[in-house]
Structure formats: structure tokens, C-alpha cells
Amino acid sequence: KQIKEQVLAKTDQYPLAKIGDLNTAVNNAYREICALKRWWFLESSATFNTSAYTTLAGTSERVYGLPDDFKDMISVRFGTTWLEPLSITNYDLFLSAQTTTGTPNHYTIYGLSANLQKELYIVPPAGSHDTVTLRYWRRITDLSADADEPWIDEDYHRLIILGVIDEAMPFGEVRGLVRQEYQDGIAAMIG
């Protein structure tokens, strides 16, 4: 809410051509900033027991759901063993050679579920009471409710505001000044 109010307050200072949907503009600027780097605040982890699997229809493959905010994998650990990533083609080759469960040493991520959610596959299939720990990059959550806060440090919230204003302003000298302030702020944030 605070960011949207600040954008609207700035419209008195800067002649904006058109903001359009303010929520969309704020979220676009927020996503643009978050896409610049693998920020620490986008990293997350999850742990689950290997008994929490589903079986892929018509096969004996064990499939594990990933967190709802999963975007991309950083690492997978089975107990104390770090698993190596495999392409889906190599996973199929490894799987066809496996006949029993055991200590996994590889994984792949694939989106075969009905809702196109990505899922985790490990080979060889794990026993039923082992622990898997994931480190992953989170998908950005849109700012929609008034109470929603961006994940970026509060000192850099102004960059979202400048990003919205920069996109909405007509071209000209003032937009150049806003864009320069935005780019300088991004450079400081990146470090």
C-alpha cells in the first residue's frame, strides 16, 4: 500500500503519460529488480521425508512435490549426500538401469503433473523413511494486498517507485533524470 501511495504522490511531481493498472506496474517493477541477480532473499529451503511420494501412473517411479514457491533448484541433499542433477534424458537412462531402491545420487526436476507444477525425481529411488533437503530459488510473490511488503530491503523500496514512474513517463529530460536515479539505485543495490 505504501509503495502505491508513494507512486500516486509522485504523479504531482512528474507528468505521467499513463500508469494504467497500478498493481501491475508495481509488480512489473518489483519483478524486474528481483530478476537482476540471484538475491539472498529469494533463496529458501525445504525438508521432507521420502515417504511423502506419489507414484507416477503406470510406473514405479517415485515423485516428490516441490514447494509452491519453487522456481529453480540450487541443491538437493539426501541425508548427508549431495545429489547431482541430471537432464530428463539421462534420468530416464539411469532409471531404466535401476531395479531396486537405494541411496540416491542423482535428481531431476520435471513438470508432468496435471497442474504443470514441477516435481522432483531421484535415482535410485530412495527408501521410505529418509530425509531430503532442498535449497532452491523462490518465485516472486506479487504484491496485491495492502499489507504485502516487497522482499527487498526497505532502503530500496524507492526503486520500485522509480521503476513505475520511469515506465509511465513520456520520453524527455525529466524521464532521463528519473531513469538515471533508478539506474544509480540499482547499481548501489547490486553493490
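**Notebook: rings and charges**

I started with Arg-138, whose charged end sits over the ring of Trp-151, 3.6 Å from its centre. For "over a ring" I used NZ of Lys or CZ of Arg within 6 Å of the ring centre and within 35 degrees of the ring normal. I found Arg-77 over the face of Trp-82 too, at 5.2 Å from the ring centre.

A note on what I'm looking at: this is a predicted model, where local features need pLDDT of at least 70, side-chain atom pairs count only at pLDDT 80 or more, and totals for chains, interfaces and linings use all residues. Residues are numbered from 1 along each chain as its sequence is written, and side-chain values use heavy atoms, with hydrogens and water left out.

Next I looked up aromatic pairs, and the structure has six. Rings of Phe, Tyr and Trp (its six-membered ring) pair if their centres lie within 6.5 Å; planes under 30 degrees apart are stacked, over 60 edge-to-face, the rest tilted.

I checked Phe-70 and Tyr-136: their ring centres are 5.7 Å apart and the planes are at 40°, so I wrote down "tilted". Phe-70 is in strand β4 (residues 70-78) and Tyr-136 in strand β9 (residues 131-138), so this pair ties together parts 66 residues apart in sequence. Helices (H or I, at least four residues) and strands (E, at least two) are DSSP runs, numbered from the N terminus.

Then I turned to Tyr-91 and Tyr-121, with centres 5.5 Å apart and planes at 65°, so they're edge-to-face. Tyr-91 and Tyr-121 are both buried.

Last, I noted that ring pairs link Trp-39, Trp-40 and Phe-41 into a cluster.

Conventions
Buried < 20%, exposed > 50% of the residue type's maximum accessible area, 1.4 Å probe, protein only.
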